[in-house]
Amino acid sequence: MLQTSDNKIHVANNMMDMDQDPRKRLCFADGRRKVDYVLVYHYRKRSSVRGSPSQHRLSIISNGSYPLGVEEKDQEGRKDEPAEVVVDVGPPDPADGEKIMIREEFEGNLKDAGLEIEHDKENKAHGHAFIRLHAPWQVLSREAEFLKIKVPTKKSYELREEKGLAATMNEVWRKLNQPFQPKVPHQEQEHSRTKFLSHCFSRDKLHLYNIKSKDTFFDNATRSRIVYEILRRTACTRTCQTMGITTLIANGVYDSAFPLHDGDFHPSGQAEGKNDRQLLHDEWARYGAFYKYQPVDLIRKYFGEKIGLYFAWLGVYTQLLIPASVVGIIVFFYGWATVETNIPSQEMCDEDQNFTMCPLCDRACDYWHLSTACGTARASHLFDNPATVFFAIFMSLWAAMFLEHWKRRQISLNYSWDLTGMEEEETGHEKLTWRDRLPGYLINISSILFMFGVTCSAVFSVIIYRITISALMAMSSDPEVKSNVRVTVTATAVIINLVVILILDEIYGMVAAWLTELEIPKTETNFEERLILKAFLLKFMNAYAPIFYVAFFKGRFAGRPGDYVYVFNDYRMEECAPGGCLIELCIQLSIIMLGKQLIQNNVFEIGIPKLKKLCRTLKDKERAPKEIVEQPGRRQQWHLDYDLEPFDGLTPEYMEMIIQFGFVSLFVASFPLAPLFALLNNVIEIRLDAKKFVTELRRPDAIRAKDIGIWYNILSGLGKFSVIINAFVISFTSDFIPRLVYQYMYSETGTMHGFINHTLSYFNVSNFKPGTVPSISSLGKDITFCRYKDYREPPWSTEPYQFSKQYWSVLAARLGFVILFQNLVITMSMLVAWVIPDVPKNISEKLKKEKTLLVDVFLNEEKEKLQLIQSLFSRDLTQEQQEELKVSDQTSLPLQQTQPGQLPPTSSPAPRTRPRAASFSQFTRQMSMSPRSDITQHTAV
């Protein structure tokens, strides 16, 4: 802080005593005014001279003041000592001088807006300077009314108590849930039976609010949000044509701007003496609290509604993964239990069947027996069984139920957080024509198509890798290498896919941000929605392109023996494994899902922040001893918070969960254990994100939001898209439909016996093209026919190697199942959405009751004002009637008693008391109702 008295300058020191009250570390130097926001900039001084402060332009300003005792003590101690003044002789860079002028104008405008500012003492040649901002009550009340912030009133009512069986069940459920509830003192008060009505803050109705202390009426998150709104709309018009702190940070005028955390997060004492940050750390951000519910209300209070809604949504999603995981485990164990009785698997493992299969590659590969693929067939049955169809239907209904449950939860949170009736705050700044936006749109469309091409090229490159490595390993003379060709190629190809996906994810995130800036969105919300949509499209394509290839394209265009499709005229297109492509789809999905989550969680979210922190620590140790000596004592909270990582938004957190939701819902028919792995990941993810928000990130700005925005639309779209994908996976990727067709159309006994022979076609080895016959055959030279998996006519048919009637029957059944599955599941999903109301009944009743009570409160207030005004008018009317009676008595004297030219005697009237109305509108409204309006038309003569 700065004061000038006797040519002395007092600058707020940025260090305090070690034994100071932790709460004072969040205040100005006077220990009373809270630090609501902090601005940081980098300064560089030329020189420091001693002299009078009036001789130079000072680089530090403040409108604060020390307590009286501190000021007098300081003046006595420096009575004969000349003041040391930091003089801005002139910056070495003209840009620095321009930034100083911009900061001076911006801070002056902040003062004009009512904020109080405190500066640091710049005691080094260069470094970071911290500007503390404080919003007094006048500013808080003005902005709270402007922002329509809802606050509790004095009016309260008792919630209705449930009776009978419902009350008993709720009590039992509450006791069962008691060990899983976080120990938050505020939460016990919020769950009491008394509910206070809330209303938008108004300075004209302060008597309605329960204001015990003006310093604590608005919590820290609300105070910082109010200051941020002022920073966001404050403009610099004299030095630069910019508006808002965001633009100034982008231009390098300030390094950063952030609100402060509520002190240290390390525990200190009992729960009652802990601040909100310590409570969040102990009850939410510890891995030991993984079994507890999240303190969502405390998260909202500390971080704001937007972040609170994210963690509430993540909690609902994780809870609903529990039943999905249980059903998935049951389906998996059903397949494991029935694998021994599965007839197709037994036929494939039966060596007596002696199915001689055609070579898997040209020249180097030999004929082989189908019984060698016994392990693959048995593994395929774990995921390809009749229970997976039921699980696919279940998960489609689960997705619809999840969305409906979240809508109800969201409405409940809006009610408890006083977000009902919240209006949009942002408006567009400037109107741009379609000609201004056309170049950006064209670049966007072309760039997104180009990125899609990059993704497809990466997938195609991995396909080429699989084909070439398979051919090279098949040519090996080592029999062990030949036997492990498929496993080795599949595993290495999936790992390569995973690495490519992780690299392209980071690239696509930057590309999406650049493309969104080209569109010049009108508002921040519009910018965020467009950024999310582009990033989702690119990352969705990147994550699922390899899986889509395995599910719907692999083996479909490979051709047949004697007429294979070749790549670069040398390599045959790859085919599915003997057990089908579903087992490969399962392997691909599981490795990408688990690898992506583990690497992103452990490397990107844990390793990289710790690496950055280590680099900052090493840099601090390498600082000059002079700089270290200049910072004695305990560091203030703004220094500690500045060392933390800045908050980059919730988009990466949402994106990770949305991609995971796609893994759980889209291809769940091929991997029933996906919900289980998602559940285990989310249990860790919640605590990991909590620890990051509480201990490793600067405190974000508290932003109001009544829903999760465009993410809900993306979830809804994925839920509907998953119905189509699962229908096609069951129909075309698995053998569920061919088994049904065989059992009910072609089986002589009505069982699955003979199914494998039915699905294998014959090929005459004499019809191989020259150069493709196996060079060395261990099975002998007496092989006439080999088998391959397809529905084609045999070589002795009139139309050899053409699609058979069985093929068209199976295709028709597959298409019919897709149509039936889609309509059935979508109808059931719509029925679920219709049965479950969006607004819970108790919330609807509470909203109606509170609206009625608020109307009664304001009607009673207006009635009291009306009675007060009428009493004042009636008192004034009585005084005027008495005055008129006196005047009439004096004028009734005989006129002849008065001499010519002499005026009748009059008495001076008593001074008139003016009534005080509550407001101008009420005064004008009561004028026509008051009886005074008729009397004031008569004039005394």
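Select arginine 792 and aspartate 790: both are buried (under 20% relative accessible area, with exposed over 50% and partly exposed in between; 1.4 Å probe, protein chains only). Their side chains meet in a salt bridge at 2.9 Å, N to O (a side-chain nitrogen of Lys or Arg within 4 Å of a carboxyl oxygen of Asp or Glu). Next, pick Asp30, Arg32, Arg33 and Glu116, which salt bridges with shared partners join into one network.

This is a predicted model, in which local features need pLDDT of at least 70, side-chain atom pairs count only at pLDDT 80 or more, and totals for chains, interfaces and linings use all residues. Residues are numbered from 1 along each chain as its sequence is written, and side-chain values use heavy atoms, with hydrogens and water left out.

Move to arginine 466 and glutamate 574, a salt bridge with its closest N and O atoms 2.9 Å apart. Arginine 466 sits in helix H14 (residues 434-474), and glutamate 574 in the loop between strand E18 (571-572) and helix H18 (582-621), 108 residues apart. Helices (H or I, at least four residues) and strands (E, at least two) are DSSP runs, numbered from the N terminus. Arginine 466 is buried at 4% relative accessibility, and glutamate 574 at 12%.

Now select glutamate 145 and arginine 203, whose closest N and O atoms are 2.7 Å apart in a salt bridge. Glutamate 145 belongs to helix H3 (residues 137-147) and arginine 203 to the loop between strand E9 (194-200) and H6, so the pair ties together parts 58 residues apart in sequence.

Finish on H6: eleven of its 14 residues are buried, so the helix is largely enclosed by the rest of the structure. Among the buried ones are Arg223, Tyr228 and Leu231.
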